[in-house]
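I opened a new page for this one and went through it a topic at a time. These are my notes, in the order I made them.

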Amino acid sequence: MEAIRKQATKLRDQVAKQQQAVFRQFAGVYGGSDNVVADETELQHHQRLEKLYISTRAGKHFQRDIVRGVEGYIVHGSKQVEIGTKLSEDCRKYGAENTCTSGTTLSKAALNFSRARAQMERERGNLLKTLGTQVAEPLRAMVMGAPLEDARQLAQRYDRVRQEAEAQAIDVSRRQARVRESMGNPDIAMKLEAAEAKLQELKTNMATLGKEATAAMAAVEGQQQKMTLQRLVAMVESERSYHQRVLQILDQLEGELLSDRQRIEASPSVAAETSVPPPPSYEEINGSFASQTYDETADTIDYFLGEVMHSFRAVSDGELNLSAGDYVVVRKVSNSGWAEGECKGKAGWFPLDYVERRERVLASKMTHVF
């Protein structure tokens, strides 16, 4: 349909040009300057209308391109939501089954990843819905809307009347020549008067339609510019808000996964985990604990006090929960990087890198140790 319209417009322009050439030919032969249809004011209306027609047509095509682009983005985005949701479900299933025999770290990480992925896919779905309702639908309605078609029909009516007026001006010029040749023949003179009256009526109609069409096309152009810019802003704001929320989700997930990675990398071997004493017997201390020294004269073991620099969340029963700022009595240090100690009346294992040795502690802090 669009191709047919373009072809019809092209043919109409060609016919108009041919008529104008014929008119100029007759005007040059007969000197009918009074019959020139395109006076200065009408010519300005005509040129303005042509520019508005081109502008609104380009604006319509731009809006249509945006709608097609958004619709394509929604189709591909919906497929990505489906894939991401399936990945989230697979991770949730693995985390819930918890088949690992050496610990629950990876299972918890899988559950965290599943939760975050599900949140991100919900956000993506909300974005696609917003793009459809706030961008594609309003622009599509304007592309197919009545105001633009009504304005274009007015412009086309004006163009047809203008062509009729030009043809009528040629006819008037021809009749004027006949009147001069007939030496005042009454019948020919009456036909000339009728032709001039019709020409004047066409000029009046043309001027009226020109003003109406110009005003309608200008209104459509302004509405196109405003609506298109508003929808572009809405699209940018929606995508910006989506990426901000996704970034927050990813930041939280990254912190959780890094904590899980540190725990699983710093965790003792499977054999060591299964033999961790709850809490250890100090009479069984041997040389495998590098931080402990044995004083032969005093027959005592050298413990030390450490400040917790990073919070640690226990995964198994043999581990000890620590919060940053706590103080812990370190009683054992294994070669694998784990330490055993007591904090707030509880004992267990924790990564040695999470604490720093302290020689002196304020008396007010000692109440947090035992």
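**Aromatic cluster**

I found that F312, W338 and Y354 make up one aromatic cluster. For the rings of Phe, Tyr and Trp (its six-membered ring), I counted a pair when the centres lie within 6.5 Å, with planes under 30 degrees apart called stacked, over 60 edge-to-face and the rest tilted.

Before going on, a note on the source: this is a predicted model, where local features need pLDDT of at least 70 and side-chain atom pairs count only at pLDDT 80 or more, while totals for chains, interfaces and linings use all residues. Residues are numbered from 1 along each chain as its sequence is written, and side-chain values use heavy atoms, with hydrogens and water left out.

Searching the whole structure gave me 2 aromatic pairs. F312 and W338 sit edge-to-face, 5.9 Å centre to centre with 85° between the planes. This pair links distant parts of the chain, with F312 in the loop between β3 and β4 and W338 in strand β5, 26 residues apart. Helices (H or I, at least four residues) and strands (E, at least two) are DSSP runs here, numbered from the N terminus.

F312 and Y354 are also edge-to-face, at 5.7 Å centre to centre and 85° between the planes. Y354 lies in the loop between β6 and β7 and F312 in the loop between β3 and β4, so this pair ties together parts 42 residues apart in sequence.

I used buried for under 20% relative accessible area, exposed for over 50% and partly exposed for in between (1.4 Å probe, protein chains only).

**The sheet**

Next I looked up the strand order. It is an open sheet of 5 strands, β6-β5-β4-β3-β7, with antiparallel pairing. β6 (346-351) and β7 (355-358) stand at the edges with a single partner strand each, so one side of each has no neighbour in the sheet. Neighbouring strands are turned by 45° against each other on average, direction ignored; the axes are lines fitted to C-alpha atoms, for helices over the stretch in contact, and angles run from 0 to 180 degrees between N-to-C directions.

I took strands as paired if DSSP finds at least two bridges between them. β3 (residues 304-308) pairs with β4 over 4 bridges, antiparallel, and L305 stands opposite V329 in β4. On to β5 (residues 338-343): 4 bridges join it to β4, again antiparallel, and K332 stands opposite E340 in β5. β3 and β7 run antiparallel as well, joined by 4 bridges, with G306 opposite R357 in β7.

I also checked how enclosed β4 (residues 327-333) is. Of its 7 residues, 7 are buried, so the strand is largely enclosed by the rest of the structure. The hairpin of β4 and β5 has 4 residues between the strands, and G337 there takes a positive phi near 100°.

**Helices and core**

Just after α4, M183 takes a positive phi of about 60°.The largest nonpolar core has 16 residues, and L49, Y158, V161, M206, L209 and M217 have the most contacts inside it. A nonpolar core is a set of buried Ala, Val, Leu, Ile, Met, Phe, Trp, Tyr and Cys residues joined through side-chain atoms within 4.5 Å. α2, α4 and α5 each supply at least two of its residues, and the largest share, 7 residues, comes from α4.

**Salt bridges**

How many salt bridges does a search of the whole structure find? I got 17, counting a side-chain nitrogen of Lys or Arg within 4 Å of a carboxyl oxygen of Asp or Glu.

One of them joins K60 and E149, with the closest N and O atoms 3.8 Å apart. K60 is in helix α2 (residues 40-97) and E149 in helix α4 (residues 146-182), so the bridge ties together parts 89 residues apart in sequence. K60 is buried at 9% relative accessible area, whereas E149 is partly exposed at 23%.

K86 and D90 form another, at 3.0 Å between the closest N and O atoms. They are 4 residues apart in helix α2, about one helical turn.

E123 and R245 meet at 2.5 Å, N to O. This pair links distant parts of the chain, E123 in helix α3 (residues 105-143) and R245 in helix α5 (residues 186-266), 122 residues apart. I noted E123 as buried, at 16%, and R245 as partly exposed, at 33%.
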